[in-house]
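This report goes through selected parts of one protein model.

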Amino acid sequence: MLHLCSSLSGAVEKTFLEAFGREERLIMLSGASADPLSAAVSRSFPERVLSVDGGEPALVLTSAGLALEGFLPLVGLDAPCLVTRAYDEIRTAVALPSLPVLLLGSGGGLFRGDLGAPGQVVEDLALMRALPEMRIFVPSDLPVLAEILAWRHDGPVYLRWGGFSVEARAHEGTSPREDLLAGGRIRRPGTAVTVCTYGVLVREALRAAEILASQGIDAEVIECLSFKPLPESLILASGRRTGCCVVVEEHVAEGGLGSAVAELMGRCYPVPILSVSLESHFGQSGTEEELREYYALTRQHMVGAAVQAWSMRRGS
């Protein structure tokens, strides 16, 4: 079932209820045992929450049928293994015909440490990125999530879920919608090293940037709100300013943001790129804090990678 801290549950519920109030096409699909958020939406919009038996493949196939009828299905809130257990259905029934289905990756990264390795899909972005027509969003706060839910989607969308902040974090002079249209935002300007990240690790990257600043290294922190397509202009412009890059993510090294950034920079402006990631490891049981320490995803490890990249930077 959906796993959220109590301080966020009310804000998340409000975000979804507002989205359902604005967009009449939205319809939520849940498994046999509905999660608290599905139950909350069902109380306000009982005709727009469907319970589907048969596991993740049945959820995806049902969502594809509803999309063909003009609805905008939202599926995956209570199915952390949706990507791995229904990948063939996602590929053939949703991505191939490019149907407007919102797939929520509630098991992406280390968010579901309570489920252990089987419930932590640390390769989700690589799997979904490989699918033509699939857009991928990785919001870190609820205002951006609200904008994603409000968009008029005309194709499949994968949204990695978890670790939200309630407050908007727009760049000065922009709104969450403008940031989403740009695909990302500069959370901290700098000229010495580019740090690209997303989701819950944005906060840790900003703390790492403060430590680096105390050492005389001015890090620029870019939050990628869209993973596919990438905010290419934002990343390239930063890479040209700094001459090096560190990519931080709760994902295996293969096929994630590090791979996407390396492909972009290798094609357009080669610079040294280091990855702070799960490397080639599955997840395991533990709290998010314990697992980030175990997999070297803390601010201290980010600082070390940034210093190393800075020493290798282009033009140094």
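Cys81 is buried in this predicted model, with a relative accessible area of 5%. Cys224 is also buried, and its relative accessible area is 0%. A disulfide is a covalent bond between the sulfur atoms of two cysteines. How far is the sulfur of Cys224 from the closest cysteine sulfur? The distance is 5.0 Å, and the partner is Cys196. To count as a disulfide, two cysteine sulfur atoms must lie within 2.5 Å, so the sulfur of Cys224 is too far from that of Cys196 for a bond. By this rule the model has 0 disulfides.

Strand E7 pairs with strand E9, residues 219-224, in the antiparallel sense over 4 bridges. Within this pair, Arg185 stands opposite Glu223 of E9.

Strand E8 contains Thr197. Is Thr197 buried or exposed? Thr197 counts as buried, because its relative accessibility is 0%. Leaving aside neighbours within four places in sequence, Thr197 is in contact with several residues, among them Val202, Ala205, Val221 and Ile222. Its contacts also include Glu223 and Cys224, as well as Val248 and Leu257.

**The sheet of 7 strands**

Another open sheet has 7 strands, in the order E2-E1-E3-E4-E6-E5-E10, with mixed pairing. Which strands stand at the edges of this sheet? They are E2, residues 49-51, and E10, residues 226-228. Each has a single partner strand, so one side of each is left without a neighbour in the sheet. The twist from one strand to the next averages 25 degrees.

| Strand pair | Sense | Bridges |
|---|---|---|
| E1 (residues 26-30) and E3 | parallel | 4 bridges |
| E3 and E4 (residues 102-105) | parallel | 2 bridges |
| E5 (residues 135-137) and E10 | antiparallel | 2 bridges |

Leu29 stands opposite Val75 in E3. Leu74 has Leu102 as its bridge partner in E4. For Ile136, the bridge partner in E10 is Lys228.

Strand E3 covers residues 72-75. Which way do its residues point? Leu72 and Leu74 point one way from the strand, while Pro73 and Val75 point the other way. All four of these residues are buried.

How values were computed. Residues numbered from 1 in each chain as written. Predicted model: local features only at pLDDT ≥ 70, side-chain atom pairs only at ≥ 80, totals over all residues. Heavy atoms only, no water. Pairing = 2+ DSSP bridges. Buried < 20%, exposed > 50% of the residue type's maximum accessible area, 1.4 Å probe, protein only. Contact = heavy atoms within 4.5 Å. Axes fitted to C-alpha atoms, helices over the stretch in contact; angles between N-to-C directions.
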